[in-house]
Amino acid sequence: MCIRDSLKGIPARRWEESVRAGFLPPLPASAEDLQILLGRTIHRTIHHYGIEFETLRYNCPDLSLLRARLKGVRTKIKYHPGDITRLWVFDPFEREYIKVPALGQEYTQGLSLWKHRVIRNAVLEEQGEVDLAALGRAKRKIQEIVREGKRRRRSGSRARMARWDTAGQPTRKLAG
């Protein structure tokens with residue numbers, strides 16, 4: 001059975017009919033609420049040092065209060081893979097999300113999850129374990145390599161280096 005059959009029509013036409021009949025979908029109250037709604041979901045335990053995600057730590061005073069109330073129970077976390085400067089932690093008691101910044105804001109500024117994984121893998125290859133200082137050094141080194149690659153005249157290497165600026169997304173649209 002296809003989706004068209006279960007909806008008794010073409011989805012776009014059913015949507016138009018519903019809107020004409022007065023249906024107004026609820027909209028998020030803010031851009032941040034939309035980011036939370038569209039964010040990817042994981043579950044984590046809140047520790048005394050905060051939350052660890054992809055070898056990065058996140059913490060804030062509100063998180064400490066929630067940790068005391070949860071007593072080791074895992075909770076829902078939302079994140080946006082295009083910007084890992086913060087996470088949103090679900091408070092099941094207040095039924096709202098708490099914005100929790102990364103402790104390494106200088107490192108995470110302008111950083112996508114894809115870029116972080118590239119940097120982390122470079123650090124692991126070089127020294128076998130990850131720390132914030134090594135991540136910062138590797139980030140600067142990779143950014144310099146990308147800048148140098150863009151200066152070259154060969155378009156093939158420039159196109160590969162442009163991937164860094166697009167956070168791992170293809171630099172050209174695929175036919176389809």
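A charge sits over a ring if NZ of Lys or CZ of Arg is within 6 Å of the ring centre and within 35 degrees of the ring normal. The model is predicted, so local features need pLDDT of at least 70 and side-chain atom pairs pLDDT 80 or more, while totals for chains, interfaces and linings use all residues. Residues are numbered from 1 along each chain as its sequence is written, and side-chain values use heavy atoms, without hydrogens and water.

**View 1. Arginine 57 and tyrosine 49.** The charged end of arginine 57 lies over the ring of tyrosine 49, at 3.8 Å from the ring centre.

**View 2. Tryptophan 15 and phenylalanine 23.** Rings of Phe, Tyr and Trp (its six-membered ring) pair if their centres lie within 6.5 Å; planes under 30 degrees apart are stacked, over 60 edge-to-face, the rest tilted. Tryptophan 15 and phenylalanine 23 form an edge-to-face pair because their planes stand at 85°, with ring centres 5.6 Å apart. Tryptophan 15 has a relative accessible area of 48% and is therefore partly exposed (buried is under 20%, exposed over 50%, partly exposed in between, with a 1.4 Å probe and protein chains only). Phenylalanine 23, at 37%, is also partly exposed.

View 3. Phenylalanine 90 and tyrosine 97 make a tilted pair, 5.1 Å centre to centre with 55° between the planes. Phenylalanine 90 is buried at 14% relative accessibility, whereas tyrosine 97 is partly exposed at 25%. The charged end of lysine 76 sits over the ring of phenylalanine 90, 5.3 Å from its centre.

**View 4. An aromatic cluster.** Phe53, Tyr58 and Tyr79 together form one aromatic cluster.
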